[in-house]
Structures are given as C-alpha cells and as structure tokens.
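Subject: Structure for you to look at

Hello,

Here is the structure I promised to pass on. Could you open it alongside this email and follow along as I go through what turned up?

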Amino acid sequence: MERPEVLFDESHCGQCACGEGLDFQFSFAYQPIVDVFDESVFAYEALVRGTGGESAWSVLSQVNEQNRYSFDQVCRVKAVKLAARLGMKAMLSINFMPNAVYQAEYCIRTTLAAAKTYNFDTRKIIFELTEGEDLSSVDHLVSIIKAYQGMGFSTAIDDFGAGFSRYNLMTASPPDLLKLDMGLIRDIDREPNKQAVVNGIITMMTQLGGRIVAEGVESVEEYAWLRTRGIRLFQGYLFARPGFETLPEPCFPDIGQGG
C-alpha cells in the first residue's frame, strides 16, 4: 500500500480536525521487551507518564471523548520523537486507541510524517492494542489491524486473557504479537489451571504464525516455566523497570539448566 506524503508541523500536532487541542502535557517511560534467547532488546514499549514522571493514570484520567483523537495522535508523535532523540535501535511499541481511529489510512498520516521528520524507520513501529478495549465493532478493529499490517507496521494485542479475549479477532486478523496478561503470568509456575490456559494460547499462536510476549514477569520461577514452553520474548520488572525518558538496559537472570 502506498504511504501518503504528509508535511508535518509539530506545533499543530495537538490540534486535529477530529479532536480538540490538548490542555495538558505528558511524556513517556520506556520498558524493554527482551529476547532471552540471544539476550537482546527486541523492543521498547512507550508508557505514558506525566512530565515529571507521574503515573500513567495522572495523564489518562484527563482523556475524554472530546480530546481522545488529539491525545492518540500526539502520543504517537511524542513517542517517535523521544525514541529518535534517545537513539533507539530496537522496535518501538506504541499503544493506540481504536476508538480514536475512524479511518486507519488517514489517521496514520501524522505518525508517518513524524517518523520522516525525526528519521525513525516506520518498519520498527509496533502498534499495540489493549485487549480489554471497549469497541463497538470488532470489524472496525480488524480493518485497522489489516491496514497497519499492510503498511508494514507490526501489531500487538496487549493484556490477552484479561477477560475480553477476542478470539473472533484472532481468526479474522491475527496480530503479529500477543502479550499475555500479567494475571495469567503471576505464579504460573505453581498454578496448573493457568498453565493449561497458557499452553493453549501458545499452541494457537504457533499455528497462527504469531509470537507471544510474556509481560509482567517478576520472579525467576515464572520466567523459568515460561521459557521451558518456548517463549522467548519477555517484559517485566525481573528484566527492567520502565525508565522515564531513558532506555533501560535489561538484566537476564540465570535460570541454570532449567532454561
């Protein structure tokens, strides 16, 4: 699919035709998603924060129906700009709001223009959807994922297993990455029911040709169990905490012969 050529003016990125200008500021922390097989950083997820490092909630609580589109667009621009300034070489995972995307091909133009302005390779961008996102139409989400994939972006579903598992989406338009909800991860090494569910998800994604990210991993025991199941992409405090406007270097715990 041909990508539209758009001139980018950062001074106007907070005011868009489909949303009002933002009256609050924010920044990002980055948390690595690591590949434990070769001990490298696969990607960094951009996590919204206040300008002084305040929690995500301090920012997200100010998002409403009137400014959602503007916020979604500004998030993309800021995440790309900061990633470029920090010299990010890994993939960049950006959370997006499907309800703010009325037409994927049009709403992506600001992102493409920002990437060109800051010399950031768009092939390194992952668009991440929170699996519990309240959507009026799964067909709308399918159209977004297909459009983004057609433009060369990777896609991910976050928090899979959190209670809104969209298996109809998985059959219609599987994402490139599926991030397991941390509720499934917690104490998985000693909870057989969770193990059975995760084993099923692993089989599903393997057959669909996608990859799994185990996120929210906090203990060596959780990590060891998941790694023995062939998962190689991990995210969580065990490896690195989010770094405010920095790219944290991860650590890789030694799990001995069990890994």
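What percentage of the 259 residues of the protein count as buried? The figure is 51%. Please keep in mind that this is a predicted model.

Overall picture

The secondary structure comes to nine helices and nine strands. Of the contacts with a separation of 6 or more, 70% are between residues 24 or more positions apart. The protein exposes about 12,000 Å², and carbon and sulfur atoms supply 47% of that area.

Helix α9

Have a look at α9, which spans residues 220-228. Its buried residues are E222, Y223, W225 and L226. These four sit on the same side of α9, because the arc they cover around the axis is only 165°. Just after α9 you will come to G230, which takes a positive phi of about 95°.

Aromatic rings

A search of the whole structure finds 13 aromatic pairs. One of them joins F127 and Y148, with ring centres 4.6 Å apart. Their planes are at 35°, which lies between the 30 and 60 degree limits, so the pair counts as tilted. F127 belongs to strand β4 (residues 125-130) and Y148 to helix α5 (residues 138-150), so this pair ties together parts that are 21 residues apart in sequence. Both F127 and Y148 are buried.

F234 and F239 also form a tilted pair, at 5.7 Å centre to centre and with 45° between the planes. F234 has a relative accessible area of 0%, so it is buried. F239 counts as buried too, because its relative accessibility is 2%.

There is also a cluster to find: ring pairs link F24, F26, F28, Y30 and F71.

Two charges over rings are worth a glance as well. The charged end of K124 sits over the ring of F120, 5.0 Å from its centre. R241 lies over the face of Y237, at 3.9 Å from the ring centre.

Around S27

S27 is in strand β1 (residues 27-35). With a relative accessible area of 9%, S27 is under the 20% limit and therefore buried. Leaving aside residues up to four places away in sequence, S27 touches L47, V48, R49, G50, T51, L82, F244 and E245. G53 is 26 residues from S27 in sequence, and the two are 7.7 Å apart in space, C-alpha to C-alpha.

Cysteines

How many disulfides does the model have, if a disulfide needs two cysteine sulfur atoms within 2.5 Å? The count comes to zero. As for individual cysteines, C75 is buried, because its relative accessible area of 7% is under 20%. C251 has a relative accessibility of 42%, which lies between 20% and 50%, so C251 counts as partly exposed.

Enjoy browsing, and do write back with any questions.

Best wishes

Technical notes:
Residues numbered from 1 in each chain as written. Predicted model: local features only at pLDDT ≥ 70, side-chain atom pairs only at ≥ 80, totals over all residues. Heavy atoms only, no water. Disulfide = S-S within 2.5 Å. Buried < 20%, exposed > 50% of the residue type's maximum accessible area, 1.4 Å probe, protein only. Helix = DSSP H or I, 4+ residues; strand = E, 2+ residues; numbered from the N terminus. Arc of directions from axis to C-beta. Contact = heavy atoms within 4.5 Å. Areas by Shrake-Rupley, 256 points an atom, 1.4 Å probe, with all protein chains shown as cover. Phe/Tyr/Trp six-rings, centres within 6.5 Å; stacked < 30°, edge-to-face > 60°. Lys NZ or Arg CZ within 6 Å of the ring centre and 35° of its normal.
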